[in-house]
Amino acid sequence: MALKRPEPVQIVKQRRDAALNAIVHGVPYVQFLGIEFDRRGDELTAVMPFEDKLIGNPMIPALHGGAIAGFLEVTAVIGLAWSVLWEELESGVIAIDDLASGTLPRQPKTIDFNVDYLRSGLPRDSYARARVNRSGRRYASVHVEAWQDQRSRLFAQATGHFLMPPRSNG
Amino acid sequence: MDTAKIKMAEQFISMVPHCKALGMKLTSIEDGVAEMELAYDKALVGDPETGVIHGGAISALMDTCCGTAAMSHPSSPAGTATIDLRIDYMRAATPGQAVRTRAECYHITRSVAFVRATAFDEDKDRPVATASGAFTVEGK
């Protein structure tokens, strides 16, 4: 049997970036916080560039706890949605044309979200990565870590539980 | 609670850039209890298909309200910072309606304030979310 020729790298990248774009840029609150996602293969890093409107304590100044919680929750929800979408996209259950035409897969819903504030958020860009610890048919558990200058010095972390949307293929 | 402290709290919140950006309002404050409101805003939507506000915006509201309750407690000398905050989402807030939250600092030590909060939309019988958290007690 002849081996199937791998797709050209540009086609693969275009498809994956379009899929990510569809789940990130359609959400007003993600735009409000100015969050972008940096993709390397299936790994996502959320980036929240510093802006004055994210400040919670003008004296220090420090990022608002709510902005940090929002950043972590966005990272968790998008990270979880992305991990599901990745599987469906790679296996061909969902075609990229479906996403382009606006039929977005339903998002996971947050059941609970627990944030630890480890140190104050400085007026700098923030980064976060989500790790899906368990993703079942109905429920998922996701851990998120956020840092600023140094990857090993987290300024916040969170764990959340999510209700999964019904799958497209039964 | 004396009027000077109330004024100070109102001013403090109106000066916080993130609260201003979200459009948060302090509606009531007493010793260890605070109430705040977040008007519905399309810019805060988390699910474009339904128009439901993102959980993160509700988190910001509850975090601010809990922090304000901690600071308004008679035993709290000055500022505060969140140590941890847990939010449970009972249901989606109805699109188009404001979200109101009430936070109560139910215990405070020399270093930690314990706070809980509940959020509602116009339906007062079914909470949208509840929160509980620990906050630092900062010296003067």
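Modeller: Two strands pair if DSSP finds at least two bridges between them; strands (E, at least two residues) and helices (H or I, at least four) are DSSP runs, numbered from the N terminus. This is a predicted model, in which local features need pLDDT of at least 70, side-chain atom pairs count only at pLDDT 80 or more, and totals for chains, interfaces and linings use all residues. Residues are numbered from 1 along each chain as its sequence is written, while chains are lettered from A and ligands numbered from 1 in the order in which they are written.

Biologist: In which sense do S5(A) and strand S5 of chain B pair?

Modeller: The strand of chain B spans residues 82-89. Within it, Ile87(B) is the bridge partner of Phe113(A). Over five bridges, the sense of the pairing is antiparallel.

Biologist: Which element gives the most to the side of chain A that touches chain B?

Modeller: Contact requires C-beta atoms, placed from the backbone, within 7 Å; 29 residues of chain A are thus in contact with 30 of chain B. Elements giving two or more residues to this side of chain A include helix H2 (28-33) and strand S3 (55-57). The element that gives the most, with eight residues, is S5(A).

Biologist: Which residues of H3(A) make the contact with H1(A)?

Modeller: Helix H1 (residues 9-25) and helix H3 (residues 65-91), both of chain A, pack with their axes 11 Å apart, the axes being lines fitted to C-alpha atoms over the stretch in contact. H1(A) contributes Arg15(A), Ala19(A), Leu20(A), Ile23(A) and Val24(A). From H3(A) come Ile78(A), Ala81(A), Trp82(A), Leu85(A) and Leu89(A).

Terms used: Axes are lines fitted to C-alpha atoms, for helices over the stretch in contact, and angles run from 0 to 180 degrees between N-to-C directions. Two residues are in contact if their C-beta atoms, placed from the backbone, lie within 7 Å.
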